[in-house]
Amino acid sequence: MRLYGDPVLRRKAKPLQATDTLTVPGFDPQTVRQVADTMLETMFEAHGVGLAAPQIGLPVRLFVAVEYEDDEEENEGQEKPLKSRVLRDFVMLNPGLKVIDKKKDRSYQEGCLSIPGIYEEGVPRARAVQVSYTDLDGVARVIEADDFLARVFQHEADHLDGVLFLDRLPAEVTEDYRKELLAIQQKSRTFLNDLAAHERQRKAGL
Ligand SMILES: [Zn+2]
């Protein structure tokens, strides 16, 4: 998982096609479907509701998301496996968002797998959106979502433009978490150093 402070989280991601071959740093080239499967698994393991490709170090316009039975992520410590509560999951290539109800929704807590341990209410999000995207078969699709799912789509689409949810909150909030964010940035640097060392070894065939 790429963490806050990683430059890949700040890049504008590039469009992709369902037939592309993708190379996640540290891994062999894979199909888009393989990458999406890994992202879904990673998201479930981390108890997330969405994951964007830049969060695994891949600057392409791809994200996965999930809608759970009760429409909320209130399952911390719950025994029942998350996956059994999945209503539907989504793999979206080149998503384009259109606001269909711009009433600002500030309910729901928002967090991010790349900014572990920080959750905040009050991130302003449109109440309903329409998402146009391409699916894994290369088929163009359109879906409408409101409330929590609309929020998830907006959060993930932001990732593709290098935007994090903290950017949408007043600067004081980021200031309040200064220590935590510095610690995450330090972890991110360590991760990137390890990854670079791993890549050098791989390329040398060790
Ligand atoms: Zn996120």
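1. Strands E5 and E8 are paired antiparallel through eight bridges. Two strands count as paired if DSSP finds at least two bridges between them. Asp 101 has Ala 128 of E8 as its bridge partner. Helices (H or I, at least four residues) and strands (E, at least two) are DSSP runs, numbered from the N terminus.

2. The model is predicted: local features need pLDDT of at least 70 and side-chain atom pairs count only at pLDDT 80 or more, while totals for chains, interfaces and linings use all residues. Residues are numbered from 1 along each chain as its sequence is written, and side-chain values use heavy atoms, with hydrogens and water left out.

3. E4 and E5 also run antiparallel, joined by seven bridges.

4. Helix H2 covers residues 147-160, 14 residues in total, and spans 21 Å from first C-alpha to last, close to the expected 20 Å. The expected span is 1.5 Å times one less than the number of residues. Of the 14 residues of H2, 13 are buried, so the helix is largely enclosed by the rest of the structure. Buried means under 20% relative accessible area, exposed over 50%, and partly exposed in between (1.4 Å probe, protein chains only). After H2 comes Gly 162, with a positive phi near 75 degrees.

5. The zinc ion has as protein donors Cys 112 (SG), His 155 (NE2) and His 159 (NE2), at 2.0 to 2.3 Å. Their spacing in sequence is C-x42-H-x3-H. Cys 112, in the loop between E6 (109-110) and E7 (120-121), and His 155, in H2, lie 43 residues apart and link distant parts of the chain. Cys 112 counts as buried because its relative accessibility is 7%; His 155 does so at 6%. Donors are N, O and S atoms within 2.8 Å of the metal (3.2 Å for Na, K and Ca); water is not among the atoms, so the site may look incomplete.

6. The largest nonpolar core holds 44 residues, with Leu 62 and Phe 153 making the most contacts inside it. Elements supplying at least two residues each include H1 (32-45), E4 (62-68), E8 (125-134) and H2. Such a core is a set of buried Ala, Val, Leu, Ile, Met, Phe, Trp, Tyr and Cys residues joined through side-chain atoms within 4.5 Å. Beyond its neighbours within four places in sequence, Phe 153 is in contact (heavy atoms within 4.5 Å) with residues including Phe 63, Phe 90, Leu 97 and Ile 143.

7. A second, separate core has 14 residues, among them Leu 3, Tyr 4, Cys 112 and Leu 164. Cys 112 is also a donor of the zinc ion.
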